[in-house]
Amino acid sequence: MFIGKYYLHADDKGRLRIPLKFRYNMGTAGIYAMYTADGCLSIITAETASNMIEKFEGMVTVAASESLNNARILTSSMFELTEDNQGRFTLAPEAKQFAGISKDVVFIGVGKKIELWDVERWEAHCRGEKYDYMYKQNFTSINPEMTF
């Protein structure tokens, strides 16, 4: 389980590290990130990613084009985080753009996932500001039981 928040800075090359308290709970099977509601990135374990995709498969049929389209958009936004030998990773430019990630970030523990926010966007979110993010309709129209 992931709880708490940790403020960090990207290094000069834009690399980040998952906070150690979170990293110890991630396991070694792989770490994935994906676009998430409210304009942040979710970081999940391989097990959580697999469970999420299984739930999608149960919701999606060839006849349910809206569900299928939403599944396509959400799963195509997933990517594996590749860490170097010092535990650092670099986000792709499009992921950084989606989440507005700059040098200052905050990792938020949200149960089975970790959210990665730009500090300014996180603080605005805490003040109640809403971010009109790409794919908002897809996130809001997903089956309410689609949780991870």
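1. Ground rules. This is a predicted model, so to speak of local features a pLDDT of at least 70 is needed, side-chain atom pairs count only at pLDDT 80 or more, and totals for chains, interfaces and linings use all residues. Residues are numbered from 1 along each chain as its sequence is written, and side-chain values use heavy atoms, with hydrogens and water left out.

2. Aromatic pairs. Rings of Phe, Tyr and Trp (its six-membered ring) are paired here if their centres lie within 6.5 Å; planes under 30 degrees apart are stacked, over 60 edge-to-face, and the rest tilted. The count by this rule is 4 aromatic pairs. Take Tyr-6 and Phe-22: their ring centres are 5.0 Å apart and their planes stand at 90°, so this pair is edge-to-face. Tyr-6 sits in strand S1 (residues 2-9) and Phe-22 in helix H1 (residues 20-23), so the pair ties together parts 16 residues apart in sequence. Helices (H or I, at least four residues) and strands (E, at least two) are DSSP runs, numbered from the N terminus. Phe-2 joins in too: ring pairs link Phe-2, Tyr-6 and Phe-22 into a cluster.

3. Buried or exposed? Buried means under 20% relative accessible area, exposed over 50%, and partly exposed in between (1.4 Å probe, protein chains only). Tyr-6 counts as partly exposed at 27% relative accessibility, while Phe-22 is buried, with a relative accessible area of 2%.

4. A stacked pair. The ring centres of Tyr-35 and Phe-98 are 4.2 Å apart and their planes are at 5°, so these two are stacked. Tyr-35 belongs to strand S3 (residues 31-36) and Phe-98 to helix H4 (residues 93-99), and the pair links these distant parts of the chain, 63 residues apart. Tyr-35 and Phe-98 are both buried.

5. Strand S3 and its partners. S3 is mostly covered, with 5 of its 6 residues buried. Two strands pair if DSSP finds at least two bridges between them. S3 and strand S4 (residues 40-45) run antiparallel and are joined by 6 bridges; for instance, Thr-36 has Cys-40 in S4 as its bridge partner. The hairpin of S3 and S4 has 3 residues between the strands, and there Asp-38 takes a positive phi near 75°. S3 also pairs with strand S5 (residues 79-80), again in the antiparallel sense, over 2 bridges. Here Tyr-32 stands opposite Glu-80 in S5.

6. Which residues does Gly-111 touch, not counting residues up to four places away in sequence? With contact meaning heavy atoms within 4.5 Å, Gly-111 touches Met-1 and Phe-2. Gly-111 is found in strand S7 (residues 104-111), and from C-alpha to C-alpha Gly-111 and Phe-2 are 4.9 Å apart in space, though 109 residues apart in sequence. Gly-111 counts as partly exposed, at 28% relative accessibility.

7. Salt bridges. A salt bridge is a side-chain nitrogen of Lys or Arg within 4 Å of a carboxyl oxygen of Asp or Glu. Searching the whole structure gives 6 salt bridges. One of them joins Arg-15 and Asp-11, with the closest N and O atoms 2.7 Å apart; Asp-11 is partly exposed at 26% relative accessibility. Another is formed by the side chains of Arg-23 and Glu-83 (2.9 Å, N to O). This pair links distant parts of the chain, with Arg-23 in helix H1 and Glu-83 in the loop between S5 and strand S6 (88-90), 60 residues apart. Arg-23 is partly exposed, with a relative accessible area of 22%, and Glu-83 is partly exposed at 24%. The side chains of Asp-84 and Arg-88 also meet in a salt bridge (2.8 Å, N to O). Asp-84 counts as partly exposed at 27%, whereas Arg-88 counts as buried at 17%.

8. The cores. A nonpolar core is a set of buried Ala, Val, Leu, Ile, Met, Phe, Trp, Tyr and Cys residues joined through side-chain atoms within 4.5 Å. The largest has 22 residues, and those with the most contacts inside it include Ile-18, Leu-41, Phe-107 and Leu-116. S3, S4, H4, S7 and strand S8 (113-118) are the elements that give two or more residues to this core. Apart from it lies another core, of 8 residues, among them Ile-44, Ala-49, Met-52 and Phe-56.
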